[in-house]
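Grab a pencil and work through these exercises with the structure open next to you. Try each task yourself before you read its solution.

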Amino acid sequence: MAEVFLALHRSLQNVERLVAVKRVLPHLNEDPAFVDMFLAEARIAATLTHPNIAQIYDVGFADGRYFLAMEYVDGVTLRQLSSSLPALPIAQVVHVGIAVCSALGSAHEKLDIGGERMNIVHRDVSPQNILIDAAGYVKLVDFGIAKAAGTLDACTRPGTTKGKLSYMSPEQCLAGDVDHRSDLFCLGIVLWELTAGRRLFQRKSDFATMSSIVSDPIPRVRDVAPEVPEELEEIVMVALERDPARRFGTAAQMQRALEDFAVLKRLRPSTLDMAPLVASAAPAQRAARDALLEAVAAGDDAGLYALDIAVEPTVTSKSARPAARTTRRPGPRG
Ligand SMILES: Nc1ncnc2c1ncn2[C@@H]1O[C@H](COP(=O)(O)OP(=O)(O)O)[C@@H](O)[C@H]1O
Ligand SMILES: [Mg+2]
């Protein structure tokens, strides 16, 4: 739906910072439904300020397209990280789980400026949308299909993506009522896969994937990976209860369970231990990113640099020149 670039934001007196710029894909730019969805993401995400959510700086319109300028997360996606390792150490799995719970809790509980709960649901919690920066901090991104109370439901629009199929909750698959507990199920899938070391609901067809989410028996983590501590398995399996009423009631409760588990097992979920894993993860992607940063640092800022290198690992070139103004002016009046 969108493309994401690295860009240099230059404001008064050459004050510079790197930002990530997200724009609607050109062919979708003419479709008012997609543009609405994009602006809905901006409206929701821009209200959120949390250390585990990539901060939105600005929304702008340049060269006929809307864009979001946000905190650039210099690191890898959780997908890249986990596929670079035989297994993510348990302490780091817990580190990711705690951080994502904290991010989700803050979004779920968010009040609007009038003090009303916004009832934000992310709806796309998946390894591609969980980034980990070079210092080991976890950042949730992509509120592209997030929903807040009172906003239009993108899912009802024809041809609109509904999140990554194999990371959907049963109620999302069944197009039922979706509340904040849906995100906890999706995080449960992510944690199950990190601990078990394999995919949970990926099947040959979309139909088979969705039907497995809705009705296949869910293997317990320790059936696949007996070395995983029982208490952690229990947390993951509670998150994966098909009946939302049997899951954790809130992200904060799930976060607390993970924190208690870490204390019990004397684990130290720390950014300091995560950072070296990020440094060694996905060397090709890291090299591509370094090349982009070098080009930007050398003042070659006339373009935007593709960041979505999870999809196209070899992209290092800048895009067409007309994007240049976006690069220079994603500032307050951009
Ligand atoms: N703030 C960011 N910093 C660095 N990379 C990012 C950032 N936001 C997104 N990306 C990269 O771009 C990819 C796609 O971004 P995302 O917002 O998830 O868009 P989409 O709606 O296309 O999934 C992410 O998986 C990640 O690799
Ligand atoms: Mg995404």
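**Exercise 1.** Is Asp142 buried or exposed?

*Solution.* Before you start, know that this is a predicted model, where local features need pLDDT of at least 70, side-chain atom pairs count only at pLDDT 80 or more, and totals for chains, interfaces and linings use all residues. Residues are numbered from 1 along each chain as its sequence is written, while chains are lettered from A and ligands numbered from 1 in the order in which they are written.

Step 1: get the rule. A residue is buried if 20 or more other C-beta atoms lie within 10 Å of its own, exposed if 12 or fewer, and partly exposed in between, with C-beta atoms placed from the backbone.

Step 2: apply it. Asp142 has 23 other C-beta atoms within 10 Å, so Asp142 is buried.

Step 3: look around. Asp142 sits in the loop between β7 and α4 (170-173); helices (H or I, at least four residues) and strands (E, at least two) are DSSP runs, numbered from the N terminus. Asp142 isn't a glycine, yet its phi is positive, near 70°.

**Exercise 2.** Does Arg266 count as buried or exposed?

*Solution.* Step 1: find the residue. Arg266 lies in the loop between α9 and α10.

Step 1: Arg266 has 7 C-beta neighbours inside 10 Å, so it counts as exposed.

Step 2: check the backbone. Arg266 is not a glycine, but its phi is positive, about 55°.

**Exercise 3.** Which residues does Leu307 touch, not counting residues up to four places away in sequence?

*Solution.* You'll find it in the loop between β8 (305-306) and α12 (324-328). Leu307 counts as buried because it has 21 C-beta neighbours inside 10 Å.

Step 1: list the contacts (C-beta atoms, placed from the backbone, within 7 Å). Leu307 touches Val4, Phe5, Leu6 and Ala20.

Step 2: compare sequence and space. Leu307 and Phe5 are 302 residues apart along the chain, but their C-alpha atoms are separated by 4.7 Å.

Step 3: zoom out to the whole chain. Among contacts with a separation of 6 or more, 69% come from residues 24 or more positions apart.

**Exercise 4.** At what angle do helix α3 and helix α9 pack?

*Solution.* Step 1: read off the geometry. α3 (residues 90-108) and α9 (residues 251-264) pack at about 160°, with axes 8 Å apart. Axes are lines fitted to C-alpha atoms, for helices over the stretch in contact, and angles run from 0 to 180 degrees between N-to-C directions.

Step 1: name the arrangement. That makes α3 roughly antiparallel to α9 (under 35 degrees is roughly parallel, over 145 roughly antiparallel, 65 to 115 roughly perpendicular and the rest oblique).

Step 2: see who meets whom. The α3 side includes Val94, Ile98 and Cys101, and the α9 side includes Met254, Leu258 and Phe261. By class, this contact of α3 with α9 has ten nonpolar, five polar and one charged residues. Here Ala, Val, Leu, Ile, Met, Phe, Trp, Tyr, Cys and Pro count as nonpolar, Asp, Glu, Lys and Arg as charged, and the others, Gly among them, as polar.

**Exercise 5.** How far apart are the axes of α3 and helix α10?

*Solution.* Step 1: the axes of α3 and α10 (residues 271-280) are 10 Å apart, at an angle of about 100°.

Step 1: the two helices are therefore roughly perpendicular to each other.

Step 2: Ala91, Gln92 and His95 in α3 meet Asp273, Met274 and Leu277 in α10. These residues divide into three nonpolar, two polar and one charged.

Note on methods. Two residues are in contact if their C-beta atoms, placed from the backbone, lie within 7 Å.
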